[in-house]
Amino acid sequence: MLKITINLDAGHTYSNICDILILFSDVIGRTDILRYLLDRFDLSELPVTQFPWMNYPYVPDLLDKALAEPSLVPIETDLIKSNFPRSNFKDLRILVLQMIKSGNYMEYKGEDYYKLWLRGIRYCLDSFYDDTEIAKLIEKFKLLLDVGYPKFTRLVAENLDLLPKYASTRKLSESIHIYDYCLRRICLLPNTYSKPFSVIFFRAVLHFNLLSSEIFIDYWKSWYSSLFEEHFLECDIVMKVILEGCRKLIQLEAPNMCIFAPLILTGLKNGIVVKKNQRVEYGICQDISHVIENFSSNNPNFIAMELKMLAMESLYLLSKMENSLMKPDKLVGILMEMYKENFKIRYFPGSKIHLEKLRICQAFLMLVHSVTSSKHQFIQFILDTFSEESHQPSVKHLLQWLLIILLSSNPVEHFCILVEKINTASLSHPSFVIALIPVLYHLVLLMNDSKFWFEVTDTLLPWTMGANFKLRVYCQVALKELLKKAQERQLTEYINKYSFLESTFMKVLECTGTSVEDTMKFDLFFIETFDPKLHFSMENIFIKIPKSLDVPSYEWENIKDYEFSKKFDMKIWNEPDFPIYTKTETIEVEDNIEASGMNVQKKIIPWKSALDETVNNRILGNLICVASLVDKSSNLGGLSRTCEVFSIRQLVLHNCKIIDDKEFKSLSMSSENWVEFIEVKRDDLSNFLTKMKQDGYSLIGLEQTSESQKLHEFKFPEKIVLLLGNEKEGISAPLLPLLDSCVEIPQFGQTRSLNVHVAGATFIWEYVRQRLSPTQKT
């Protein structure tokens with residue numbers, strides 16, 4: 001094997017660096033030459049001007065020699081880079097461009113070649129490009145995709161951004177089919193390839209120039225209808241990249257952005273719904289992100305939140321685009337249709353339907369100030385939801401907020417409509433009137449004419465003496481607060497007529513004790529403190545109100561770390577002095593108990609402690625648990641869990657395949673991943689015990705015999721083999737003579753029998769307890 005080293009001495013002046021390559025061109029591999037040239041020079045600094053390709057005297061000679069057929073003998077080339085002055089490499093730069101421009105001189109079609117070739121094309125297109133070069137590039141892309149090799153597919157996806165960047169409008173339209181071919185190739189690959197390749201593809205395809213092509217628009221619609229639901233909508237990483245690209249294009253005022261509206265609207269409904277069996281995983285990711293710097297970008301919880309917020313922000317920015325066909329009224333109409341998909345369906349707190357409705361209402365709030373032509377339709381839609389649906393508090397209060405904003409555009413007209421709704425609601429469910437009371441209260445505050453104050457009082461006063469306690473309390477609180485506001489505004493005529501009501505309502509409400517606050521909860525804050533205009537911010541819509549209304553923490557707790565773009569002009573954060581509803585009673589009680597010095601027991605989460613301290617998982621002693629006589633997989637699963645918890649060295653089973661049994665896993669709680677299992681058949685058990693005895697182990701049986709010792713009186717040796725009996729027959733008689741001791745657990749009831757898993761766990765704990773040091777015991 002021939003090994004060539006080119007060592008350029010900076011102290012020696014060469015008349016022309018190409019002479020060196022000409023000298024060694026017969027023995028240096030062509031791929032090695034190109035790799036050296038590409039790595040040696042900073043091609044990003046190449047001059048933009050056109051080079052005299054074929055007229056340069058050294059190029060034809062060098063190409064003839066350096067690009068000749070290589071020898072059949074394997075050649076290993078070691079090209080050492082140097083600090084040779086850059087000015088002397090003008091010829092080599094031209095050589096690189098000529099080699100790349102040729103593009104067809106290599107017969108070797110390996111991955112390294114195509115990487116180098118595409119890298120060179122990327123640099124060279126900055127200096128020269130025309131549709132002919134683009135046509136060659138497209139042909140090469142198709143060739144690579146036809147092979148079907150995943151790495152070639154990735155190479156194409158990584159370089160698709162060259163087409164919209166350099167191709168003419170006509171050539172770009174002709175080349176868009178290669179995007180479709182590449183994406184469909186990616187979708188055929190396994191998930192290990194398709195997901196990362198999809199990320200690369202969509203980063204390249206979301207380009208300003210492509211959106212000007214009607215052909216691309218048709219392809220995108222085809223992808224969304226045929227590929228997205230199956231391959232991309234459930235993949236948060238891919239969706240995040242797509243929505244980031246959409247947001248960027250919206251900010252650039254790209255044409256035809258309406259094609260992304262269905263995707264954005266689907267994305268805003270997305271988000272995590274943590275099921276019971278996923279809570280530990282969610283909590284671990286959250287705590288790790290608090291402990292480890294820069295972990296947020298890898299936190300799946302954060303990525304899911306970011307996906308939702310990207311969709312929300314993109315929707316808002318899309319509604320603000322001057323040339324967009326998706327005006328706010330049209331977007332609100334689509335959102336209403338999305339909401340109606342679950343209309344009048346009963347749902348529970350934290351369910352998928354609950355969170356989808358909450359996110360749609362949050363999107364409504366982001367668009368509500370821009371709604372014009374569909375305002376009446378929007379108002380009627382909200383009134384219908386109050387009339388026909390039972391809402392979770394978080395959804396109800398956002399809808400009330402929306403209604404207040406919509407009605408405030410023409411308070412006089414809408415006030416009359418609302419009063420009429422309440423006056424004719426005697427046949428409706430009380431919850432309908434209850435939902436409208438805070439809205440009517442805030443609406444009348446917008447009007448200083450006392451006649452509206454009189455009218456709202458006359459409307460609500462009959463309900464203060466109705467049969468429904470909740471409705472009665474809401475009306476009493478609303479009128480009490482209205483009287484306070486009238487005094488602040490010095491509405492003398494109103495105060496003179498209704499001042500007696502304030503003291504009356506105060507006495508009535510005092511008599512109810514805490515029932516008022518227990519009944520109204522956040523509604524009390526919504527009436528007494530909340531300001532629909534002053535409190536309008538992203539923080540309140542997405543964080544504080546959901547948090548106050550018992551929305552699961554995974555829906556709001558990561559949003560504070562989301563970064564809005566510079567073009568997002570809505571108020572993001574609330575002022576520090578703006579009050580917001582919080583529950584303090586429970587906290588105060590706990591604080592008072594702790595302050596009094598009482599013993600307060602609190603639950604801990606074991607994995608949280610593991611993040612803050614080193615857990616000592618050393619094996620306490622040397623115990624081997626033999627359960628070959630045990631039949632039931634549930635008992636064996638429980639024993640596996642016990643052995644893992646107490647760090648027992650080994651668990652012996654009759655058949656190790658049982659660890660794959662569903663019933664075993666339901667009791668083992670994944671402990672089989674950390675316990676060492678040994679398979680010993682029942683017929684071989686006597687030989688196994690004899691061998692262990694020869695190795696210095698004491699053989700202990702958990703069995704009631706004529707000479708068995710009480711567990712709490714038995715002093716365990718260091719090395720023991722614990723033999724457990726069968727569920728029905730115990731330890732078989734032929735095995736008893738092999739044992740050094742038998743131990744029994746004292747029993748005081750009538751059953752006189754313990755489950756083998758429970759008995760084994762009790763024995764193991766006593767063994768471990770005797771091994772613990774005094775400090776460990778405390």
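Residues are numbered from 1 along each chain as its sequence is written, and side-chain values use heavy atoms, with hydrogens and water left out. In this predicted model, local features need pLDDT of at least 70 and side-chain atom pairs count only at pLDDT 80 or more, while totals for chains, interfaces and linings use all residues.

The largest nonpolar core has 176 residues. A nonpolar core is here a set of buried Ala, Val, Leu, Ile, Met, Phe, Trp, Tyr and Cys residues joined through side-chain atoms within 4.5 Å; buried means under 20% relative accessible area, exposed over 50%, and partly exposed in between (1.4 Å probe, protein chains only). Phe-201, Phe-202, Trp-220 and Phe-378 have the most contacts inside this core, where contact means heavy atoms within 4.5 Å. Leaving aside residues up to four places away in sequence, Phe-201 touches Ala-157, Leu-160, Tyr-179, Cys-182, Leu-183, Ile-186 and Trp-223. A second, separate core consists of 32 residues, among them Val-675, Phe-677, Leu-711 and Val-756.

Helices (H or I, at least four residues) and strands (E, at least two) are DSSP runs, numbered from the N terminus. Helix H21 covers residues 411-423, and at 1.5 Å a residue its 13 residues should span 18 Å, which agrees with the 18 Å between its end C-alpha atoms. The expected span is 1.5 Å times one less than the number of residues. Buried positions in H21 are Pro-411, His-414, Phe-415, Leu-418, Val-419 and Ile-422. These residues lie on the same side of H21 because they cover an arc of only 140° around the axis, the arc being that of the directions from the helix axis to the C-beta atoms. An α-helix has 3.6 residues a turn, so residues three or four places apart point the same way. The cover over the buried residues of H21 includes helices H19 (375-388), H20 (393-407), H22 (430-444) and H23 (450-460).

In helix H24 (residues 469-489) lies Gln-476, which is buried with a relative accessible area of 6%. Gln-476 touches Thr-464, Phe-505, Val-508 and Leu-509, again not counting residues up to four places away in sequence.

An open sheet of seven strands with parallel pairing has the order E5-E4-E3-E8-E6-E9-E7; two strands pair if DSSP finds at least two bridges between them. Strands E5 (676-679) and E7 (709-710) form the edges, each pairing on one side only. Within the sheet, strand E3 (residues 622-626) has five of its five residues buried. Asn-622, Ile-624 and Val-626 are on one side of E3, with Leu-623 and Cys-625 on the other, so that both faces are covered. E3 runs parallel to strand E8 (residues 719-723), joined by five bridges. In E8, Leu-623 has Ile-720 as its bridge partner, and Val-626 stands opposite Leu-723. Three bridges pair E3 with strand E4 (residues 650-653), also in the parallel sense. The partner of Ile-624 in E4 is Gln-650. From E3 the chain crosses through helix H31 (residues 633-645) to E4 in a right-handed β-α-β crossover; right-handed means that, with the strands pointing away from the viewer, the path from the first strand over the helix to the second runs clockwise.

Phe-688, in helix H33 (residues 685-694), is buried with a relative accessible area of 14%. Phe-688 touches Val-626, Val-652 and Val-680, with residues up to four places away in sequence not counted.
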